[in-house]
Amino acid sequence: MKIIALNGLLGYGYAAESLENVKGMKIDYIGVDAGSTDPGPHYLGNGTSFTDRNAVKRDIELALVYALNKKIPFVIGSAGGSGGKVHVEWVKNIIEEIAAGNKLNFKMAIIQSEVTKEYVRGKLRAGKIREMGPGLPLTEEVIDKCDRIVTQIGIGPFMKALESDADVILAGRSCDTAIYAAPAIKAGMDMGLAFHMAKIMECGSMCSEPMTASDIMTATIEKDSFTLEPANPIRRCTIDRVAAHTMYEQGNPYFIYEPDGVIDLKESKYEQISDRAVRVSNSKFIEAKEKTLKLEAAMLAGYRTISIAGINDPLTIKNIDLVFDTVKKFVVENMKDKIAPEDYLITLRKYGEPLPGMPIPELPTNNMGVILDVVAKTQEKANTICALARARMLHTDYPGRKSTAGNLAFPYSPSDIYCGPVYTFGMYHLAVVDDLCETSSISFVKVGA
Amino acid sequence: MRKMPKLIDLATVVRSKNAGPLYVTFDVMFPNKSVFEKVKFSKVLTEKYIAKLYGVDVKEVSIIMYDIVNSLKITIPRNEISGALADTDVYGCQQQVPLSNVIIP
């Protein structure tokens with residue numbers, strides 16, 4: 001069975017030539033992962049994508065036209081980056097536009113994986129929430145603050161959708177691995193190998209050299225091994241790259257944790273079978289006693305306005321903390337009857353200082369970048385505080401000052417940038433489930449005329 | 001006396017990246033087994049040392065030898081969760097420098 005991963009992230013691009021190369025092969029399945037929590041909590045909270053619409057459209061269009069023509073299942077996981085309903089809708093809209101533009105007709109399965117606050121509250125009360133690490137306790141108050149809660153679904157919902165006659169599967173938040181492991185496991189392949197293969201190929205050509213997330217990877221899975229080979233002839237898979245990628249972005253290189261169980265890679269074997277291909281065998285699946293699904297959600301933390309500036313005068317740099325202290329005191333005093341200090345957080349982010357614990361350079365820096373960073377309860381309050389602080393900071397006096405016309409070199413006019421809503425993670429937890437499909441639902445739509 | 005090398009002088013890769021929003025994980029790769037074992041047997045990189053270097057709870061630090069590619073895997077909790085108001089590195093991909101500068105005797 002031959003599976004291809006378009007790239008490491010839908011919208012990051014891939015070489016059209018790579019797609020041309022795979023067209024000569026017998027392909028059973030085309031997948032692409034669209035999601036990540038790496039860009040932070042904003043996109044999940046705000047219901048927007050961290051990838052660009054035109055770039056996503058390009059990546060889908062080239063491959064979709066080919067996949068439909070050859071009747072190869074085309075599967076997108078974690079639609080829209082964060083995989084909420086609104087994100088799925090965003091990608092569905094792009095697909096409909098592609099269908100109209102290319103006169104395509106097809107059946108699409110849509111898998112949703114959002115859950116309600118009530119669902120999570122029930123899990124919490126039943127003692128079925130597991131923490132993923134320190135610093136993020138889940139309470140009922142946190143649940144109340146989270147507007148959009150998604151679950152990372154595993155292979156189950158994908159396998160169900162693959163049983164239908166859908167040409168395209170569009171899924172909400174999913175485990176990256178589920179996209180590629182599901183077709184292999186459905187075809188009766190070994191689960192340990194299927195998940196290990198999926199874990200490596202979900203980043204596209206990151207396991208090859210030259211390394212990139214922006215190109216196609218092919219994988220062939222057989223009864224007792226799988227083989228990875230990049231679609232682009234300029235790249236090659238090596239044992240080092242493949243084995244090294246196994247540990248990428250996860251805490252333990254010997255175990256991959258999945259909703260269904262854990263993949264034990266301690267005895268995995270890697271072989272260079274050609275100049276460009278690596279074969280992997282002996283990865284083992286161990287079923288989990290307690291089945292879990294990962295929950296993700298973000299909470300609104302306020303609204304941000306920033307002002308970016310450079311400081312070149314060594315005396316100003318030397319006095320920067322004193323200057324900022326003066327600014328903060330002034331802002332609090334000036335607005336005391338208008339905006340309560342607890343309604344905003346004002347921070348000065350300094351760039352160009354030696355890091356803590358690092359040696360101080362022989363020539364002290366003569367250029368510092370600063371960001372005046374304000375997060376407040378409303379955008380209007382953030383704008384007000386930032387503007388006031390920026391103006392005050394420009395003209396703050398300090399002992400021995402000689403550059404008395406201004407402290408800040410603004411690269412832009414306007415100097416203040418309105419960043420909109422700010423979110424923080426509220427949930428990144430495991431929920432113990434009775435059924436791994438209990439958070440997802442599948443519907444079918446006809447796309448095109 | 002020869003100057004003692006830093007980890008960055010011995011390694012071919014020293015990278016950091018989020019392992020989910022709560023942890024940062026470091027991959028340190030060496031060019032061959034002998035360099036890898038020099039670092040491994042120097043016993044400088046202990047959980048206690050890493051905890052102090054990054055100001056994190058020692059109980060949450062994990063160090064794993066990944067012999068197959070002559071690499072070290074170190075994972076620490078984040079002091080600020082990715083995207084928190086005081087976070088400075090959302091992807092966690094620029095946290096490697098203190099580790100790079102560790103002297104390996």
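## The two chains

Of the 449 residues in chain A, 47% count as buried; a residue is buried if 20 or more other C-beta atoms lie within 10 Å of its own, exposed if 12 or fewer, and partly exposed in between, with C-beta atoms placed from the backbone. This is a predicted model, in which local features need pLDDT of at least 70 and side-chain atom pairs count only at pLDDT 80 or more, while totals for chains, interfaces and linings use all residues. Residues are numbered from 1 along each chain as its sequence is written, and chains are lettered from A and ligands numbered from 1 in the order in which they are written.

Here are some values for the two chains. Helices (H or I, at least four residues) and strands (E, at least two) are DSSP runs, numbered from the N terminus.

Along its sequence, chain B follows the pattern α-β-β-α-α-β-β-α. Buried residues make up 36% of its 105 residues. A compact globule with 105 residues would have a radius of gyration near 13 Å, and the 14 Å of chain B agrees with that; the radius is taken over C-alpha atoms, and the globule rule is 2.2 Å times the number of residues to the power 0.38.

Contacts tell us about the folding of each chain along its sequence. Two residues are in contact if their C-beta atoms, placed from the backbone, lie within 7 Å. In chain A, residues 24 or more positions apart account for 76% of the contacts with a separation of 6 or more. For chain B, 59% of the contacts between residues at least 6 apart in sequence join residues at least 24 apart.

Let us turn to strand β18 of chain A, residues 292-311. Because 15 of its 20 residues are buried, β18(A) is largely enclosed by the rest of the structure. Two strands pair if DSSP finds at least two bridges between them. β18(A) pairs with β21(A) in the antiparallel sense over 15 bridges, and A:Lys294 stands opposite A:Leu430 in β21(A). Strand β20 (residues 368-376) of chain A is joined to β18(A) by 9 bridges, again antiparallel, with A:Ile308 facing its bridge partner A:Ile371 in β20(A). Strand β7 (residues 146-152) of chain A runs antiparallel to β18(A) too, with 5 bridges; here A:Ile149 has A:Ala297 as its bridge partner.

A:Val432 belongs to strand β21 of chain A. Is A:Val432 buried or partly exposed? It counts as partly exposed, because it has 14 C-beta neighbours inside 10 Å. Leaving aside neighbours within four places in sequence, A:Val432 is in contact with A:Lys128, A:Arg130, A:Glu290 and A:Thr292. The C-alpha atoms of A:Val432 and A:Met132 are separated by 13 Å, although these residues are 300 apart along the chain.

## A three-stranded sheet

Another part of chain A holds an open sheet of 3 strands, in the order β13-β14-β17 with antiparallel pairing. Its edge strands are β13 (255-257) and β17 (284-287), each pairing on one side only. From one strand to the next, the twist averages 25°. β13(A) and β14(A), residues 261-264, pair over 3 bridges, and A:Phe255 stands opposite A:Asp264 in β14(A). Helix α9 (residues 191-201) of chain A lies across β13, β14 and β17, running at about 110° to β17(A); axes are lines fitted to C-alpha atoms, for helices over the stretch in contact, and angles run from 0 to 180 degrees between N-to-C directions.

## Core and interface

The largest nonpolar core has 146 residues, and among those with the most contacts inside it are A:Ile169, A:Leu170 and A:Ala194. Such a core is a set of buried Ala, Val, Leu, Ile, Met, Phe, Trp, Tyr and Cys residues joined through C-beta atoms within 7 Å.

Where the chains meet, 29 residues of chain A are in contact with 30 residues of chain B. α10 and β21 of chain A each supply at least two residues of the side that touches chain B. Helix α10 (residues 239-246) is mostly covered, with 6 of its 8 residues buried.
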